[in-house]
Amino acid sequence: MNTPSSRPGRARTDGSPVRIGALVPLTPPGWVGAGRHLLAGLELAAREVNDTGGIAGRPLELVVRDTAADPQRAAAAVDELAGLGVAALAGEYHSVVARAAAARADALGLPFLCSSAVLDTLTEQPTEWVARLAPAQSHGWGIYADFLLGAGHSRIAVAVQPSVYWASGTRILRDHLTPRGGTVSELDLRALTPAAVCDELAESRASALLLLVGHPEPAVSIVRSVRRDQRLAGITIGAPAGQPEFPEWATLLGGDSAAIPFLRYLPERLGPLGVRVETALCERLAEAPSFVAFEGYDTVTVLAEALRTHGTDRARTAGSWPHVAVEGTRGRIQFTRTPGSGVWQWAWAPVQVVDRDPAHPDRFRILHEG
């Protein structure tokens with residue numbers, strides 16, 4: 001699946017296309033809603049690059065591959081795309097998948113700008129080939145932990161599935177909360193049904209339950225069970241990974257979708273570029289764009305600038321990370337090395353804790369900013 005390299009009325013581009021490989025979860029068990037928004041942002045930016053002359057007069061072309069949240073499939077896609085001669089890689093939403101893609105990109109000497117995955121350690125060893133736009137998990141989830149404490153929650157339960165990503169999130173929360181008197185208890189969903197989760201919560205003194213689980217299931221079933229259990233009327237449900245961001249969440253849960261705080265990476269107010277892109281993404285998606293769509297747009301914008309300025313040689317593109325300075329939809333993007341990360345990192349995208357308004361579940365309330 002490739003984006004069109006020409007359209008009526010655009011600035012003229014000639015010659016062979018400059019190809020960017022795009023990794024996106026488009027089928028289950030991948031988070032399809034997130035993948036659709038990510039791809040919309042990538043494609044919109046690619047279209048605008050071609051509208052303004054492409055890459056030194058050559059059209060920019062996205063070569064899209066569906067990762068379906070499968071690390072092995074993603075690694076194979078990186079091999080394929082490298083063989084097709086792409087200048088760089090972009091995208092991916094799922095952290096475990098992005099880690100597999102980053103490892104292959106590093107091994108092959110292929111620049112990879114990761115759009116959305118947040119796992120701190122994308123590569124086992126420091127690399128010059130990989131950069132990332134999304135905030136590292138320790139940064140964003142640390143802000144979420146601050147929000148919990150500020151809201152009066154010191155006893156936290158987490159419903160968790162086996163995953164490097166969820167285990168990392170649990171550790172980050174514990175590291176932030178424990179020194180300030182908080183506790184984090186784990187409810188292992190390998191052994192507990194949603195009803196059993198409610199029983200465990202009723203016996204505990206936790207005031208908040210965090211969903212460190214897949215979407216839509218078992219997240220939706222757990223929310224429904226907790227909301228309907230009279231014993232748990234006062235408990236707060238949270239979803240730091242952002243499940244409530246997408247319209248599917250509200251469609252599946254209705255009124256139960258509201259008042260579930262989650263992380264998103266947007267400023268309080270978008271600037272002129274962000275407002276323009278938001279309008280275009282709304283038309284493309286036929287719904288309000290999530291922060292993931294903006295991440296996709298910013299990814300191609302950054303890569304296009306690097307390719308225009310430094311050429312399409314892969315080593316030069318990778319060498320450009322510390323010199324990039326691009327105005328993105330959510331602020332000025334520059335990359336640096338951050339402690340604990342072996343990749344080039346935008347430090348940092350804006351971070352908010354947001355929920356859906358109980359009075360209007362299609363609207364969001366900003367509860368906390370980092």
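1. Three helices share in the lining of the largest pocket: α3 (95–108), α5 (164–177) and α10 (291–310) each supply at least two of its residues. Helices here are DSSP runs of H or I with at least four residues, strands are runs of E with at least two, and both are numbered from the N terminus. You are looking at a predicted model, where local features need pLDDT of at least 70 and side-chain atom pairs count only at pLDDT 80 or more, while totals for chains, interfaces and linings use all residues. Residues are numbered from 1 along each chain as its sequence is written, and side-chain values use heavy atoms, with hydrogens and water left out.

2. How is a pocket found? On a 1 Å grid over the protein atoms alone, a pocket is an open set of points with protein on both sides within 12 Å along at least five of seven lines, a cavity is a set where a 1.4 Å probe fits but cannot get out, and lining residues have an atom within 4 Å of a point. Points are joined across faces, edges and corners, and a volume is the space filled by probe spheres set on them.

3. The largest pocket has a volume of about 570 Å³. Its lining has 28 residues, and W31, Y93, H94, Y165 and W166 are the closest to the centre. By class, the lining holds 19 nonpolar, seven polar and two charged residues. For these classes, Ala, Val, Leu, Ile, Met, Phe, Trp, Tyr, Cys and Pro are nonpolar, Asp, Glu, Lys and Arg are charged, and the others, Gly among them, are polar.

4. Now try the second largest pocket, with a volume of about 450 Å³. Of its 19 lining residues, R264, E278, A288, P289 and F364 lie nearest the centre. Strand β16 (residues 360–369) gives the most to this lining, with four residues. The classes here come to nine nonpolar, one polar and nine charged.

5. Which residues touch the most other members of the largest nonpolar core? Among its 76 residues, they are W141 and F335. Helix α10 gives the most to this core, with ten residues. A nonpolar core is a set of buried Ala, Val, Leu, Ile, Met, Phe, Trp, Tyr and Cys residues joined through side-chain atoms within 4.5 Å. Leaving out residues up to four places away in sequence, W141 touches several residues, including Y165, W166, L212 and P240; contact means heavy atoms within 4.5 Å. A second, separate core of 24 residues includes L201, L232, I235 and A239.

6. Next, the strands. β1 (residues 18–24) and β3 (residues 88–91) run parallel, joined by four bridges, and L23 stands opposite G91 in β3. Three bridges join β3 to β4 (residues 112–114), again in parallel, with L113 in β4 as the bridge partner of A90. Two strands pair if DSSP finds at least two bridges between them.

7. Is V197 buried or exposed? V197 counts as buried because its relative accessibility is 0%; buried means under 20% relative accessible area, exposed over 50%, and partly exposed in between (1.4 Å probe, protein chains only). V197 lies in helix α6 (residues 194–203). Beyond its neighbours within four places in sequence, V197 is in contact with L187, L189, L192 and L209.

8. Finally, find L210 in strand β8 (residues 208–212). L210 also counts as buried, at 0% relative accessibility. L210 and T236 are 26 residues apart along the chain, and their C-alpha atoms are separated by 8.3 Å.
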